[in-house]
Amino acid sequence: MMQVLRRTRILATLGPATDAPGVLEDLLNAGVDCVRLNFSHGDPSEQIARAERVRAASKAVGRETGILADLPGPKIRVERFENDRVELVAGQRFDLLAEADAPLGNTQFVGVSYLGLPNDLNAGDVLLLDDGMVQLQVEAIEGQRIITRVLNTSVLSNKKGLNKLGGGLSLGAVTERDRELIAIAASIGVDFIAVSFCRNAEDMEEARSVARAHGSQAALVAKIERAEAITNLGEIIAASDVVMVARGDLGVEIGDAALPGLQKRIIKESLAQDRIVITATQMLQSMVDSPLPTRAEVLDVANAVIDGSDAVMLSQETAAGKWPVEAVAAMARICVGAEENLEVDADYTSAKRGLDRADQAIAMAAMFLTEHIGVGAIVALTESGGTARFLSRFRSRVPIFAFSNHADARRRMRLMRDVFPVALDTSGLQPREAARSAIKYLFDQGALEVGERLVFTSGEAMEQLGATNTLRLLVVDEAGNAAGLGDLSQT
């Protein structure tokens, strides 16, 4: 029987902990829908090899898996220390050197990777290093030297990240290194490209232009992790295919207290603009070392599901943790529990008016029928996955089976909540023939029962993007055919 229980998708980061033989297959069987290749770490050749192993593992378990390439972006880091780490004492002076050949650091100073940092700072600014564990206040700028005072006793080690409290750093999101990595991501055929530290719509459009120039049709993911991104949130969402609530750097820049409310706002606005949304960062952080999550982590994941996230992401838990498979299993278990207790009541009074796309209007009508008469499933014939995306924006308890002839479209749909992509070769078929094949397949798999009603969407012609313009309400008969509107059950 087809697995239809878990609606929320799981995105898992690959790393050393997933490289051992057999681990990838175990991760996929535990519930991973899409994997993340973090290009911030290691050599690109490592990520290329991991992508190849993902495809082999997917074939072995019989399940298609999406691949997301996460670009490093303009991450500002301190450089290295003589002894790899230093202890800083509250009240002491500590300088940052924005010099290309800064010497190895010590307890008095360390170099920084962003040479333009002095131009973005003023006396009184607070800098947060190592996800806020180290706090420095700027006292003066002397050429390329930033003089700061340590605010809290702490330890600082090599290559830790640096943020400015409240944001305001002027780096663009797409670096020259990102451009090189986009070309590599395109060459291995990733399904998603994530843009780190985007500030505005122009950053997303630049990344899309580079990807398309290299022949990639990957969906673009906007990582919301800068204070400036909150100011420009609406335009960033509109310029993206997927939005990620990247709670690590975002929480550092805006402060922990503001983070829960912003998470809910980002999810709500992304869904309102028909975008896929991922909630990420430290969701099951304790499982890096523990085989079980904390109760607080369980509630965090569940709240992300209840808020409407399409997908939840594991980072260090799977990339470098001791229990990667157990972390995925726990995430899947929590998602199912949250979904079982989720109250679904679509608000059609606030739905968009004046729709200009037929497939979007068909999707809205399908969900209205689903809510008001009760059906067992929605079956959609889709080329690009667009109809499935519009259908999934309305949260319901009804699974959406999206049949497509295109593997890349099916892999992109692996991040859509409530959507279950299925391969169907529609070459040379008329819509009625394709419909019969899809419904019979679901019946044979046990996903549809005799007498069960379903909503069916399709276009008048196959193999045409955005052509969905037809909706039917059908009933499954004893032979697994669609009855009730004879045009689909006729031979």
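## Two helices side by side

Helix axes are lines fitted to C-alpha atoms over the stretch in contact, and angles run from 0 to 180 degrees between N-to-C directions. Helices (H or I, at least four residues) and strands (E, at least two) are DSSP runs, numbered from the N terminus. This is a predicted model, where local features need pLDDT of at least 70, side-chain atom pairs count only at pLDDT 80 or more, and totals for chains, interfaces and linings use all residues. Residues are numbered from 1 along each chain as its sequence is written, and side-chain values use heavy atoms, leaving out hydrogens and water.

The axes of α1 (residues 23-30) and α11 (residues 324-340) come within 9 Å and cross at roughly 10°. That makes the pair roughly parallel (angles under 35 degrees). Contact (heavy atoms within 4.5 Å) involves V23, D26, L27 and A30 of α1, along with P324, V325, V328, A329 and A332 of α11.

## Helix α4

Helix α4 spans residues 201-213. Its buried residues (under 20% relative accessible area, 1.4 Å probe, protein chains only) are A201, D203, M204, A207, V210 and A211. They pack against α3 (176-187), β12 (192-195), β13 (219-224) and α6 (233-238). After α4 comes G215, with a positive phi near 80°.

## Residue V305

V305 sits in helix α9 (residues 295-307). Is V305 buried or exposed? V305 is buried, because its relative accessible area is 0%. Leaving aside neighbours within four places in sequence, V305 is in contact with T8, C335, A338, E339 and R417.

Technical notes
Expected span 1.5 Å × (residues − 1). Buried < 20%, exposed > 50% of the residue type's maximum accessible area, 1.4 Å probe, protein only. Parallel < 35°, antiparallel > 145°, perpendicular 65-115°, else oblique.
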